[in-house]
Amino acid sequence: MIKRIIAAAAALVLCLGLAACGSSPASSGEAKDYAAILTAARPAQDNENLVIFHYKDGVYTATGGYADELSAEDIASQGAMCLQVLGLAEEDVAEAVFSVSLMNVQSYGLAIVKPADGREAAVTEGLQVFIDSQKAAQENYLADQYAIAKAARLDTVKSGEVVLVMCENQDTVFSAVKDGLA
């Protein structure tokens, strides 16, 4: 009888432990806050100066930088333009956050993209075209910016998002983004 009580208690403890493990955001299906992940990964100066655009369900929003100064129309227009500069089409993307410098004197682009179903190759190819265009634009123009473009990181993480990091200290930023997505 005592053995049965101990076995039942052990089973209860095991079930409670498994239930607690199952409540994490990754396993409960909770959406990830991509904008918060990108904000936390990049330097404060970038957050102050460069807008992060968010695209989901046909709607653009923005945070950071000068986002508070933009109208909803401006956010939609600039967001769509930046998405296009990154080599992406809205139909390729289920959700994305991104920040891009449109100045030709800076190689800068960050993106976390959840591809639409069956569109991972299109997303990866589009972002690679962006990287290649930045390298070509800077190769004979600004050596420091060419080095940044040349060292850009593009990878699909375990959770399925495609991540682009092209900025100073990109290994540190990439690691922070990857950790934020884990």
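Two strands are taken to pair if DSSP finds at least two bridges between them, and strands (E, at least two residues) and helices (H or I, at least four) are DSSP runs numbered from the N terminus. On that basis, strand S1 (residues 52-56) and strand S3 (residues 93-100) run antiparallel and are joined by 4 bridges. This is a predicted model, in which local features need pLDDT of at least 70 and side-chain atom pairs count only at pLDDT 80 or more, while totals for chains, interfaces and linings use all residues. Residues are numbered from 1 along each chain as its sequence is written, and side-chain values use heavy atoms, with hydrogens and water left out.

**Sheet**
- An open sheet is formed by 6 strands in the order S2-S1-S3-S4-S6-S5, with antiparallel pairing.
- S2 and strand S5 (153-156) stand at the edges with a single partner strand each, so one side of each is left without a neighbour in the sheet.

**Strand S1 and its partners**
- S1 is joined by 5 bridges to strand S2 (residues 59-63), and the two run antiparallel.
- Within this pairing, His54 has Thr61 of S2 as its bridge partner, and Ile52 has Thr63.
- The hairpin of S1 and S2 has 2 residues between the strands, and Asp57 takes a positive phi near 55° there.
- Towards S3, Phe53 stands opposite Phe98.

**Helix H5**
- Val85 lies in helix H5 (residues 72-85).
- Val85 is partly exposed, with a relative accessible area of 35%, where partly exposed lies between buried (under 20%) and exposed (over 50%), using a 1.4 Å probe and protein chains only.
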